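Please open the structure and follow along.

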Amino acid sequence: MSTSKKDIRALTKEQLRDFFVSQNDKAFRGNQVYEWLWQKSAHSFEEMTNLSKETRQMLEDNFVINHIRVDTMQRSSDGTIKNAVQLHDGLIVESVLIPTKTRTTACVSSQVGCSLDCRFCATARLKRMRNLNPDEIYDQVVAIDNESRLYHNRPLSNIVFMGMGEPLMNYNNVLKAIDKITSDEGLGMSPKRIVVSTSGVPKMIKKMADDNVKFKLAVSLHSAIDEVRTSIMPFNATFPLADLREALEYWYAKTKNRITYEYVVWKGINDKKKDIDALVQFCKFAPSKVNIIEYNPIDDGEFQQANTNAIDMYKNVLEANNITVTIRRSRGKDIDAACGQLANKS
Ligand code: SAH
């Protein structure tokens, strides 16, 4: 592959139209190519059969289509599918299809590796290698949509940015990908069916509020006590809870969207009454929902899932304070596809 050629999918529709005009061709050819690239997910110029042979060759001479390739696909006994996806430069990211009775959710990656340092997460152990481009995020969604149609006889219904990486550290590209996913010229999905999960980057949460985004926000909180949170998510020393909370208040004031917190309860770390009380206090400023997620062990047993009593206590106290709680069981554990397990073991 020649690296001097430009990735055609980095061009906007207007830039494609301008390109054709610069070649003494009609601007609407740009629209045709755009449709092939996005709506039809063409992997090659040859497929663009409404263009002449000469035009296809001319595109070939000037551009590449850096499409992702599903390198390996693993299917779990519970219907979960994990794709190891190869990017044009050989790096690998993972995405997961999670089926339930009524929906199919795609869990997609936003970075190769991760810039943050959560001590319980397998992805954090890979350093951040690079951000994904908008088309690389979009392609993961298309691949899962195709698999959903093939193996579950229905299109993809939801998307969560809970794969590898911190989406708010690759904000512009994530936003561009979501624009394509929700546009009628892309997949036409509703932004209400998309959740962006962040470990909590205050300044970017405010930016999202200012940008008036329509997708949903989830925050990986795991503790509402600074010392505890910093011990398991060291970047909390840089973005302490007070800053996070202020950003979330700003988000809520602008969007009026309920805030979802993701929360794992670990033995000896955050399984005491004082941890629950701090969480209740933290949630008070806006309607909140807490998703208690099961811990998926990644190694030596430094972190252990708390016992059921602790989780029941969380549920009871939160509910008594009118905070919605869901307890989520992990899916796809047998293929290392569950939360925090994405680390290219293959
Ligand atoms: N960087 C983003 C999205 C990726 S992680 C974020 O932090 O939100 C998706 C969720 O899985 C987060 O809530 C994360 O805290 C959680 N997680 C990470 N490692 C985990 C593990 N080993 N077991 C269970 N959940 C984990």
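## Basis

This is a predicted model, in which local features need pLDDT of at least 70 and side-chain atom pairs count only at pLDDT 80 or more, while totals for chains, interfaces and linings use all residues. Residues are numbered from 1 along each chain as its sequence is written, and side-chain values use heavy atoms, with hydrogens and water left out.

## Ligand

The ligand is surrounded by 22 residues, and Phe120, Ser197, Ser220, His222 and Asn296 are the closest (near means a heavy atom within 4 Å).

In the side chain of Ser220, an N or O atom sits 2.6 Å from a ligand oxygen atom. On the backbone side, an N or O atom of Asn296 is 2.9 Å from a nitrogen atom of the ligand, and one of Gly165 is 3.0 Å from a ligand nitrogen atom. The protein buries 96% of the 530 Å² that the ligand exposes when taken alone (Shrake-Rupley method, 1.4 Å probe).

## Cysteines

How many disulfides does the structure hold? There are 0 (a disulfide is a pair of cysteine sulfur atoms within 2.5 Å). For Cys121, the nearest cysteine sulfur belongs to Cys118 and is 6.1 Å away.

Cys283 has its closest cysteine sulfur in Cys118 as well, but at 18 Å that is too far for a bond. Cys283 is buried at 2% relative accessible area, and Cys121 also counts as buried, at 17% (buried means under 20% relative accessible area, with a 1.4 Å probe and protein chains only).

How values were computed: Buried means under 20% relative accessible area, exposed over 50%, partly exposed in between (1.4 Å probe, protein chains only). A polar contact is a pair of N or O atoms within 3.5 Å; within protein, one must be able to donate a hydrogen and the other to accept it, and residues adjacent in sequence count only if both atoms are side-chain atoms.
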